[in-house]
Amino acid sequence: RPLLLLLPATSPSSPLRRLLPPLSCHAREVLDVIPQRDGGDGSDRAPRAKGAGTNGATAAQVGVAREAGTKGRQGRSRHGGVARRWRRGEDRLARGERAADGEVQGKRWREGPTRDGELIERREARQARGGTLARESGKAGNLARGESQASGNVSKKGKKKAKGSENEGKLRVELDMCSKRGDVMGAINLYDSAVKEGIRMGQHHYSVLLYLCSSAALGFVQPAKSGNSGSGIASIGQLSSSSTESVGNLKCNDVSEGHSEDQERSKTDLFASDDDVTEKPSRIPVSDELREYARTRGFEIFEKMCSEEEKVPMSEAALTAVARMAMSMGNGDMAFDIVKQMKDQRIAPKLRSYGPALTAFCNSGNVEKAFEVEAHMLESGVRPEEPELETLLRASVVTQQGDRVYYLLHKFRTTVRQVSPSTAKLLEVWFRSSTASKVGKRKWDADAISKAIENNGRGWHGLGWLGRGKWTISHTHIDKNGVCLDCGEKLAIIDLDPKETEDFAKLVAKLAIKRERRSNFENFQKWLEKHGPFEAVVDGANVGLFSHKHLSLSKINIVADVIRQRFQSRKFPLIVVHNRHLTGERMQKLSNRKLAEKWKQSNAIYATPTGSNDDWYWLYAAIRCKCLIITNDEMRDHTFQLLERDFFPKWKERHQVRFNFEDSCVTLQMPPPCSVVIQVWI
């Protein structure tokens with residue numbers, strides 16, 4: 001058969017078999033202690049956790065203790081006495097008196113301290129004068145009372161608004177803490193109390209509540225700060241047992257082992273904390289009883305969020321949480337409809353928005369619908385990543401759809417390139433199946449295939465399965481020259497095809513012109529057309545500042561001399577450096593002036609103008625000239641994040657040369673001898 005796949009092997013000590021750590025004491029507390037809702041006959045109570053015995057604390061006890069503690073703190077006086085009973089209007093009177101006292105003292109602060117008796121006399125005098133004026137004229141009295149009442153109403157509204165904002169802020173903080181702890185029942189209790197007390201909730205409150213309910217509905221709670229979420233479907237979990245069993249029937253029972261754990265390590269969790277990326281909290285499993293309860297309350301909370309009286313703006317996070325609850329019921333159509341509603345409401349869907357619908361359809365074996373979701377993703381400008389593609393691949397393998405598998409192999413080539421061990425195992429399952437041996441054309445045009453491989457940048461023809469028969473699967477190694485030690489074939493160096501190269505250069509130029517002064521970058525394009533092409537480009541700042549505070553032209557010269565020796569033309573590489581590095585005190589040194597003059601005479605240096613980002617210049621030059629770029633820049637900052645993900649990783653693998661200096665000697669790390677990606681031979 002003409003296809004060879006590079007499948008990474010897993011060692012016996014592979015982390016795929018690592019067990020989840022035991023639950024912490026707090027995690028057990030959240031799992032086993034479930035608060036009961038206030039109710040008389042107990043018919044409206046929250047479910048009790050499994051295994052909670054007579055010695056276990058009840059949710060009601062925990063909730064009451066927390067509530068009593070809060071009230072006690074609020075009711076205590078500043079001097080630690082017993083809480084005093086509050087009477088309506090007392091706080092308003094006290095605040096009014098304090099304000100009046102402050103006003104008088106503020107006006108008379110230059111005159112020194114004022115006696116309390118004086119203040120009382122003046123206040124009584126003002127009240128008496130107001131009363132006299134009111135009695136003299138009924139009309140004037142009515143006016144005075146009207147003004148006084150209006151002033152009182154405004155004051156009441158302001159105080160009520162301030163108190164409401166204070167309560168909303170306090171509720172937000174408490175909900176965030178519940179989210180951080182993974183405390184679903186605590187958040188639901190806070191919601192019930194807020195509804196009872198008439199506290200108005202905003203978009204953030206509802207998003208956190210729905211996140212917690214949707215997580216519990218899926219069978220686990222991922223502690224996170226404020227319900228923040230990442231991308232992808234990695235945290236949704238393993239496929240349904242029926243799908244896993246079907247894959248197992250294809251003679252690879254361990255294909256699903258460690259699937260979820262591997263995705264957790266390689267991708268950001270759906271609701272991971274933004275602040276703690278080094279140590280991620282463990283998931284807290286929940287009982288089936290609590291799952292049902294959380295889902296029911298989640299839909300109830302969402303219904304209130306959508307009600308006319310609330311008028312809360314809808315958000316992508318809230319709708320994604322509802323889609324997750326729909327997925328927990330196996331309702332892929334509902335989850336997909338929610339994503340479609342986002343576009344109708346002018347809400348941009350994210351990668352995580354599609355996860356619930358995609359997973360639900362794949363779990364149920366509805367592959368056609370699953371690929372409809374993928375098509376909708378692409379239309380919305382959302383690109384599936386490895387977890388999404390692996391989910392589609394699993395469903396395609398289970399349903400034995402060869403054309404779908406072939407399509408996804410190409411997606412893995414362009415999007416993922418080097419696949420994870422779990423994906424590699426799944427591909428191995430496919431090639432060992434009887435279905436894989438039956439698909440493929442019996443006859444094909446070898447010249448057309450060779451031409452297609454060349455046009456696609458080598459390594460892939462894209463014309464479907466060729467040939468029939470049983471596949472031979474083997475785990476092998478590649479030597480330093482890119483030769484497979486099993487079959488003896490040399491793996492191809494896969495570069496961008498001519499059209500991709502042209503499109504990539506145009507994209508970089510368009511972004512650069514948008515962010516640079518148009519004339520500056522256009523001048524560089526004209527200069528490059530006149531003096532190019534070059535066989536290599538040097539990122540002058542990255543090389544010259546290696547282990548130096550100030551740019552070293554001598555280090556740039558060493559790299560330029562070493563790289564030009566590799567070319568038959570012995571032509572100098574293009575050195576791109578900002579103009580500020582070619583002025584000032586360093587240029588007073590004779591050796592620096594000689595180097596700069598030598599490069600200028602060879603048309604091998606371009607000084608980017610003031611205010612420019614030299615990254616755009618050396619990147620464009622390397623793409624346009626289809627040559628090497630010498631830099632240790634990992635190209636991960638915001639500048640490079642603007643670039644197409646399909647083009648950039650492939651181009652970077654083939655064109656970046658890294659370097660290292662030891663005792664004034666440079667070592668160049670050339671691109672690998674072959675492309676680490678799925679490849680095809682005929």
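1. Arg394 and Glu390 are 4 residues apart in helix α15 (residues 386–398), so about one helical turn separates them. Helices here are DSSP runs of H or I with at least four residues, strands are runs of E with at least two, and both are numbered from the N terminus. The two side chains form a salt bridge, with 3.7 Å between the closest N and O atoms. A salt bridge means a side-chain nitrogen of Lys or Arg within 4 Å of a carboxyl oxygen of Asp or Glu. Arg394 is buried at 1% relative accessibility, and Glu390 is buried with a relative accessible area of 1%. Buried means under 20% relative accessible area, exposed over 50%, and partly exposed in between (1.4 Å probe, protein chains only).

2. The model is predicted: local features need pLDDT of at least 70, side-chain atom pairs count only at pLDDT 80 or more, and totals for chains, interfaces and linings use all residues. Residues are numbered from 1 along each chain as its sequence is written, and side-chain values use heavy atoms, with hydrogens and water left out.

3. How many salt bridges are there by this rule? The count comes to 18. One of them joins Arg297 to Asp192, with the closest N and O atoms 2.6 Å apart. Arg297 lies in helix α10 (residues 288–306) and Asp192 in helix α6 (residues 184–197), so the pair ties together parts that are 105 residues apart in sequence. Arg297 is buried, at 2% relative accessible area, whereas Asp192 is partly exposed at 22%. A network of salt bridges links Asp192, Arg297 and Glu300.

4. Another salt bridge is formed by Glu634 and Arg658, at 3.4 Å from N to O. Glu634 sits in the loop between β7 (628–630) and α26 (638–641), and Arg658 in strand β8 (residues 656–662), so this pair ties together parts that are 24 residues apart in sequence. Glu634 is partly exposed at 30% relative accessibility, and Arg658 is partly exposed at 26%.

5. Helix α12 (residues 332–344) has 13 residues and should span 18 Å at 1.5 Å a residue; its end C-alpha atoms are 19 Å apart, which agrees. The expected span is 1.5 Å times one less than the number of residues. Which residues of α12 are buried? They are Gly332, Ala335, Phe336, Ile338, Val339 and Met342. These residues cover an arc of only 150° around the axis, which puts them on the same side of α12. The arc is taken from the directions from the helix axis to the C-beta atoms.

6. The buried residues of α12 pack against α11 (316–328), α13 (351–363) and α14 (367–379). At the N-terminal end, Asn331 caps α12, with a side-chain oxygen 3.5 Å from the backbone nitrogen of Asp333. Just after α12, Arg346 takes a positive phi of about 60°.

7. The largest nonpolar core has 82 residues, of which Leu210, Leu393, Phe412, Trp430 and Trp465 touch the most other members. Helix α7 (residues 203–217) gives the most to this core, with 9 residues. A nonpolar core is a set of buried Ala, Val, Leu, Ile, Met, Phe, Trp, Tyr and Cys residues joined through side-chain atoms within 4.5 Å. Leaving aside neighbours within four places in sequence, Leu393 is in contact (heavy atoms within 4.5 Å) with Val405, Leu408, Phe412, Thr423, Leu426 and Leu427. A second, separate core of 34 residues includes Val508, Ala512, Leu574 and Leu643.

Notes
Polar contact = N/O pair within 3.5 Å; in protein donor to acceptor, adjacent residues only side chain to side chain.
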